[in-house]
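This briefing covers one protein model.

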Amino acid sequence: MSVARLMTSHNGPISVPFMFHSAPIEREAAANAYGTKMIDQSTLRFLSEASSNHGAEWLADNRAQTDCARRNLIEFTSQLIASAGLIDPRIGDANSDPRKCLAKAPISRGIGSIAVRVSLSKNAAATYFMQISPGRSYSGGGALSPPPRLARILRQTIASHTGKWRGIVEGPIFRKYFPSGLTDGHDVSAKGFVKNHDALCSFNLKNFGACRSVPDEELMLASLVEETVKSFAAARALVDYINRATTRLPEAR
């Protein structure tokens, strides 16, 4: 499939037909379209060591390694934004500076946390995201621990538009990339929200995010950007459903 067709696939239900391509020439075209930036082995080694909580003294002694890891993650994020724009053109406008997509503090704790927004609205609770951490990496989309006011309106939307919700989280593409469904974790404050409802299992979720596990070896492959974009594409319907619900509210000051 051409890049032009991929860029227009955001109209209607999102599809990710490029995931089924197998011919060598198509694989080469995909690599050119999505880039081949990967996570350096030195970055993974630093994140692994930093996760052991060495403290401020260790971080001060390893400032050069910290800066090197951050540069690698920013470069990867920059290419990821450019490539993800092929399946969701809103990404380019909402993420003009890749440095702002990368959370600063978690790097010192051994985590590269990337959030790729699709809207500049403060109420757009859902994003595409990726966590890079040895043995704990994942990518996908949705809303991880949304603020209570946004979680409340999302639950109300699920209650009144259950068919659309179930069509997304029980759909074949979603299940292919996120076989475990939505992220584990429950919000005790949401218990008893609605009883005897078809989507009851969704009402007490703490996280409304879909995460695809990324093995360490994949982080160092040239196909990392492409595979991450595929997980974004698989999560786009979820991201859009959540943001359509939460952006109806006036933005909090």
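**Sheet and strands**

Tyr128 stands opposite Gly141 in strand S3. The model is predicted, and the points below are grouped by topic.

- Strand S2 (residues 127-132) pairs with S3 through 5 bridges, in the antiparallel sense.
- Strand S3 (residues 137-143) is in turn joined to S4 by 7 bridges, and these two strands run antiparallel. In this pairing, Gly140 is placed opposite Cys211 of S4.
- Together the strands make an open sheet of 4 strands with the order S1-S2-S3-S4 and antiparallel pairing. Strand S1 (112-116) and S4 are the edge strands, each pairing on one side only.
- On average, neighbouring strands of this sheet are turned by 15° against each other, with direction ignored.
- Strand S4 (residues 208-214) has 5 buried residues out of 7, so the rest of the structure largely encloses it.

**Helices**

- Helix H12 lies across S1, S2, S3 and S4, and runs at about 20° to S3.
- Helix H5 (residues 63-84) has 22 residues, which should span 32 Å at 1.5 Å a residue; the end C-alpha atoms are 31 Å apart, in agreement with that expectation.

**Nonpolar core**

- The largest nonpolar core holds 51 residues, of which Phe76, Ile132 and Leu238 touch the most other members. Helix H12 (residues 224-246) gives the most to this core, with 12 residues.
- Leaving aside residues up to four places away in sequence, Ile132 touches, among others, Ile39, Leu44, Leu47, Leu73, Phe76, Ile111, Ile114 and Leu219.

**Aromatic rings**

- The count of aromatic pairs comes to 7. One of them is the edge-to-face pair of Trp165 and Phe208, at 6.5 Å centre to centre with 70° between the planes.
- Trp165 belongs to helix H8 (residues 162-169) and Phe208 to strand S4, so this pair ties together parts that are 43 residues apart in sequence.
- Trp165 has a relative accessible area of 0% and is buried; Phe208, at 0% relative accessibility, also counts as buried.
- Trp165 and Tyr241 have ring centres 5.2 Å apart and planes at 55°, so the pair is tilted. Because Trp165 lies in helix H8 and Tyr241 in helix H12, this pair ties together parts 76 residues apart in sequence.
- Both Trp165 and Tyr241 are buried, and ring pairs link Trp165, Phe208 and Tyr241 into a cluster.

Key. Residues are numbered from 1 along each chain as its sequence is written. This is a predicted model: local features need pLDDT of at least 70, side-chain atom pairs count only at pLDDT 80 or more; totals for chains, interfaces and linings use all residues. Side-chain values use heavy atoms; hydrogens and water are left out. Buried means under 20% relative accessible area, exposed over 50%, partly exposed in between (1.4 Å probe, protein chains only). Two strands pair if DSSP finds at least two bridges between them. The expected span of a helix is 1.5 Å times one less than its number of residues. A nonpolar core is a set of buried Ala, Val, Leu, Ile, Met, Phe, Trp, Tyr and Cys residues joined through side-chain atoms within 4.5 Å. Contact means heavy atoms within 4.5 Å. Axes are lines fitted to C-alpha atoms, for helices over the stretch in contact, and angles run from 0 to 180 degrees between N-to-C directions. Rings of Phe, Tyr and Trp (its six-membered ring) pair if their centres lie within 6.5 Å; planes under 30 degrees apart count as stacked, over 60 as edge-to-face and the rest as tilted.
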